[in-house]
Amino acid sequence: MSNQDVVLPDMGIAAAALPGPGRALFVCRGAAGAVSSLRRGAYGGLGLPGAADGGAGGEPFLGTRAPAPAAVAGRTCTSRVVEAIRASSPTRCPAVDECDAWTRKHPSALGSFDQVAAAAKGKRIVMFMDYDGTLSPIVTDPDMAFMTAEMREAVRDVAKHFPTAIVTGRCVEKVCSFVGLSDLYYAGSHGMDIKGPSSKDDQTVLLQPAREFLPVIDKAFRALEDRTRATPGARVEHNKFCLSVHFRCVAEKSWSPLAEQVKAVLRDFPELKLTEGRKVLEIRPSIMWDKGRAVEFLLKSLGFDDRSDVLPVYIGDDRTDEDAFKVLKKRGQGLGILVSKCPKETDASYSLQDPTEVMEFLVRLVEWKRLRSPSPSARPRAQQQK
Ligand SMILES: O=P(O)(O)OC[C@H]1O[C@H](O[C@H]2O[C@H](CO)[C@@H](O)[C@H](O)[C@H]2O)[C@H](O)[C@@H](O)[C@@H]1O
């Protein structure tokens, strides 16, 4: 992997090359500077901070249960939030012809593997993968969202061949314990905690653009716990720089009151904003940073920015992954793959149905890579001498 030192002065961050292929170490030395730059929009300038649905969210998902934009416009913000949560985990798919039309627009990355391979030919693939719903199936208890041993093997193999990052809403420590692979990059808390491989037990911190928000996040966590305690099934998860309020085990009739409670707490924290995910509300710092920014940051730190021979591949299932799909689309470089059984509005170009298909795709990608670059000992002698 090619590698180069990068300095991002706007972010108050210096980077120095680590020994080993493709490892760039970013040392956090000015989170406050980084945050003010992000507020000014110095690092790209997408969207405005502070909006209740800033960053991910906002776009209705397709399907029979998703509301039409016009219908949404007149409703209260709470209804919109609840509709978005519901639509992000549709229970029924639309009619077959609607599904077919969607699949033609977002073909299966497995069924169209030859196309994927053609796009990757002569290029350096960089892999980005979301965790929940992508590498692990969605389950009711967030602490039990384990990935299978086979998936772990597939991810391990992928990381042997391509620079690989897990980009997740979870905190890095939690996702590391689930994935159990140290030789990867991890962008936790929706990209607000980026860590790289390390020879020691701990991953190396590369970037934490929201460090100054830690006390306020802790305070909001306590307030949300207090406020939602009385709602059966509600659960607040602390993801270090972000919080998740889980709706999955809450009776649907209580979703609106619960969303109201969350919004009421957030009124005391104007420096935080809300986004929606799969039966979850995410609370995060109002800075212009998301999974898309994390992908850009990692590509840059790995020395892959402004290079036409690089193919970033991002696989994700949730609304927050749309920020990353958008970045790839805007760059005109890379493949976004949405994991979904049902049609959803997306900026991804391909689709996969579920984590099992994700695993098949990863295995296939590694096989393809192995066939294209056999080990020196497997090559014919004449070729070895070249
Ligand atoms: O970015 P991700 O890796 O997809 O993380 C997003 C959220 O994922 C988790 O919640 C989701 O998965 C849970 C376990 O399967 C499920 O119970 C929940 O309903 C889903 O929303 C995680 O618990 C959240 O903290 C993450 O923000």
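Begin by selecting Asp306, which sits in the loop between H10 and E13. In this predicted model, Asp306 has a positive phi of about 55° although it is not a glycine. Asp306 is exposed, because 9 other C-beta atoms lie within 10 Å of its own and a residue with 12 or fewer counts as exposed.

**Helix H10**

Next, move back to Gly303, the residue with a positive phi, near 80°, that follows H10. Then select residues 291-301, which form helix H10. This helix is mostly covered, with ten of its eleven residues buried. Among the buried residues of H10 are Lys291, Arg293 and Glu296, as well as Val295, Phe297, Leu298 and Leu299.

**Helix H12**

Select residues 355-372, helix H12. At 1.5 Å a residue, its 18 residues should span 26 Å, and the end C-alpha atoms are 26 Å apart, so the two values agree. Within H12, colour Pro355, Val358, Met359, Phe361, Leu362 and Leu365, which are buried. They lie on the same side of H12, because they cover an arc of only 160° around the axis. On the other side of H12, Glu367 and Leu371 are exposed. To see what the buried residues of H12 pack against, display helix H6 (149-161) together with strands E13 (310-316), E14 (335-339) and E15 (350-352).

Turn now to helix H8, residues 214-228, and select Leu224 within it. Leu224 is buried, because 23 other C-beta atoms lie within 10 Å and 20 or more is the criterion for a buried residue. Leaving out residues up to four places away in sequence, Leu224 touches Val236, Leu243, Val245, Val262 and Val265. For a distance to check in the viewer, take Leu224 and Val236: they are twelve residues apart in sequence, and their C-alpha atoms are 7.0 Å apart in space.

Continue to Lys240, in the loop between strand E9 (235-238) and E10. Phi of Lys240 is near 70°, a positive value in a residue other than glycine. Is this residue, Lys240, buried or exposed? Lys240 is buried, with 20 other C-beta atoms within 10 Å.

**The ligand**

Select the ligand and the 24 residues around it; Tyr131, Asp132, Pro142, Thr168 and Gly169 come nearest. Strand E10 (243-246) and strand E12 (280-285) are the elements that give two or more residues to this shell. Colouring the shell by class shows six nonpolar, nine polar and nine charged residues.

**The whole chain**

Of its 386 residues, 46% are buried. Among contacts in the chain with a separation of 6 or more, 63% join residues 24 or more positions apart.

Notes
Residues are numbered from 1 along each chain as its sequence is written. This is a predicted model: local features need pLDDT of at least 70, side-chain atom pairs count only at pLDDT 80 or more; totals for chains, interfaces and linings use all residues. A residue is near a molecule or strand if its C-beta atom, placed from the backbone, lies within 6 Å of it. Helices (H or I, at least four residues) and strands (E, at least two) are DSSP runs, numbered from the N terminus. Ala, Val, Leu, Ile, Met, Phe, Trp, Tyr, Cys and Pro count as nonpolar, Asp, Glu, Lys and Arg as charged, and the others, Gly among them, as polar. The expected span of a helix is 1.5 Å times one less than its number of residues. The arc is that of the directions from the helix axis to the C-beta atoms. Two residues are in contact if their C-beta atoms, placed from the backbone, lie within 7 Å.
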